[in-house]
Amino acid sequence: MNLLLLHPDQRLDGDRWRLDDRQATHVRSVLKLAEGDHCRAGLLDEGTGQAVIESIKNNEIEISFKVDSKPVSALPLNLLLALPRPKMLKRLLVDAASLGIKNIVLVNAAKVDKSYWQTPNLKGDLLREKLLLGLEQAGDPVMPSLRLAPRFRPFVEDELDQWAGPGRRLVAHPGPFPELPRGLDEPATLAIGPEGGWTPFEVALLEQQGFGCHRFGSRILRVETALPALVGALMRLP
């Protein structure tokens with residue numbers, strides 16, 4: 001946790017805030033801070049600043065804090081991600097948030113197991129928790145937008161164009177395609193398929209929305225490996 005990320009509900013009055021149980025445990029057990037010590041904090045969707053530990057009573061910690069810095073730059077990248085295995089999803093959301101991706105859609109695909117859409121991991125609170133972990137890691141206070149699209153074709157045909165907006169549209173897909181561009185600092189949308197890849201039908205629908213297929217070397221990677229590798233190569237990270 002490189003940032004104590006505060007929610008507006010944690011404000012007591014003025015510049016005084018109360019940490020939640022997880023934050024308080026981290027301050028005491030990991031950071032080992034005492035009254036009067038400083039640490040980095042942020043206000044959700046606002047900005048960051050220095051916090052001062054004002055009081056520690058058992059596991060109840062109050063701090064003084066006010067925003068004095070703007071959020072770090074967001075990555076100008078939209079991520080269209082075929083819903084991965086539930087355990088993998090947790091790690092991928094943390095990674096996506098820590099990389100600075102602010103627009104994410106989890107979409108169905110032919111090779112996505114139907115049971116994945118029934119997992120309790122898709123509950124809003126659990127998804128939000130993983131995104132928060134990524135923000136805390138990166139020191140970023142701005143929550144990504146995350147939505148679920150359990151029907152591939154209606155989403156691609158009716159909503160994808162508006163959601164993706166301007167910029168390049170790229171499908172990560174093995175085969176005899178052009179190499180993935182490198183080091184972009186312009187808006188882009190990246191579509192990453194499930195284990196086993198997109199089907200030809202899915203690729204054709206994406207191409208109708210202006211997406212082009214690109215290969216990323218000769219190795220076939222797991223999605224959990226591919227996501228940070230692809231984003232790190234494609235975009236110039238802020």
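**Terms and values**

Reader: Why does Asp45 count as partly exposed?

Author: The relative accessibility of Asp45 is 42%. Buried means under 20% relative accessible area, exposed means over 50%, and partly exposed is in between (1.4 Å probe, protein chains only). Asp45 therefore counts as partly exposed.

Reader: What kind of model is behind these values, and how are residues numbered?

Author: This is a predicted model, in which local features need pLDDT of at least 70 and side-chain atom pairs count only at pLDDT 80 or more, while totals for chains, interfaces and linings use all residues. Residues are numbered from 1 along each chain as its sequence is written, and side-chain values use heavy atoms, with hydrogens and water left out.

Reader: Where is Asp45, and what makes its backbone worth a remark?

Author: Asp45 is in the loop between β4 and β5. Its phi is positive, about 65 degrees, although Asp45 is not a glycine. Most residues other than glycine have a negative phi. The hairpin of β4 and β5 has three residues between the strands, and Asp45 is where the positive phi occurs.

Reader: Which label does Asn58 get, buried or exposed?

Author: Asn58 has 68% relative accessibility, so it counts as exposed. Asn58 lies in the loop between β5 and β6 and also has a positive phi, about 55 degrees, without being a glycine.

Reader: Why is Glu136 called buried?

Author: Glu136 has a relative accessibility of 3% and therefore counts as buried. Glu136 is in helix α3, residues 124-138; helices (H or I, at least four residues) and strands (E, at least two) are DSSP runs, numbered from the N terminus.

Reader: What does Glu136 contact?

Author: Contact means heavy atoms within 4.5 Å. With neighbours within four places in sequence left aside, Glu136 contacts Met1, Asn2, Leu3, Leu5 and Arg22.

Reader: Why does Trp117 get its accessibility label?

Author: The value for Trp117 is 17%, so Trp117 counts as buried. Trp117 sits in the loop between β8 and α3. Residues up to four places away in sequence aside, Trp117 touches several residues, among them Leu83, Leu106, Leu148 and Pro150. Trp117 and Pro150 are 33 residues apart in sequence, with 7.5 Å from C-alpha to C-alpha.

Reader: How many residues does the chain have, and what share counts as buried?

Author: The chain has 238 residues, and 47% of them count as buried. Of the contacts with a separation of 6 or more, 69% are between residues 24 or more positions apart.

Reader: What makes two strands a pair, and which ones does β4 pair with?

Author: Two strands pair if DSSP finds at least two bridges between them. Strand β4 (residues 38-43) has three bridges to β1 (residues 4-6), in the parallel sense. Six bridges join β4 to β5 (residues 47-57), and these two run antiparallel. Leu6 stands opposite Leu43 in β4, and Cys39 stands opposite Ala51 in β5. Strands β2 and β3 (residues 16-18) are joined by two bridges and run antiparallel, with Arg16 in β3 as the bridge partner of Asp13.

Reader: Why are β1 and β2 placed at the edges of their sheet?

Author: The open sheet has six strands in the order β1-β4-β5-β6-β3-β2, with mixed pairing. Strands β1 and β2 (11-13) each have a single partner strand, so one side of each has no neighbour in the sheet. Direction ignored, neighbouring strands of this sheet are turned by 40 degrees against each other on average. Axes are lines fitted to C-alpha atoms, for helices over the stretch in contact, and angles run from 0 to 180 degrees between N-to-C directions. On that basis, helix α1 (residues 21-29), which lies across β1, β5 and β6 (60-65), runs at about 155 degrees to β1.
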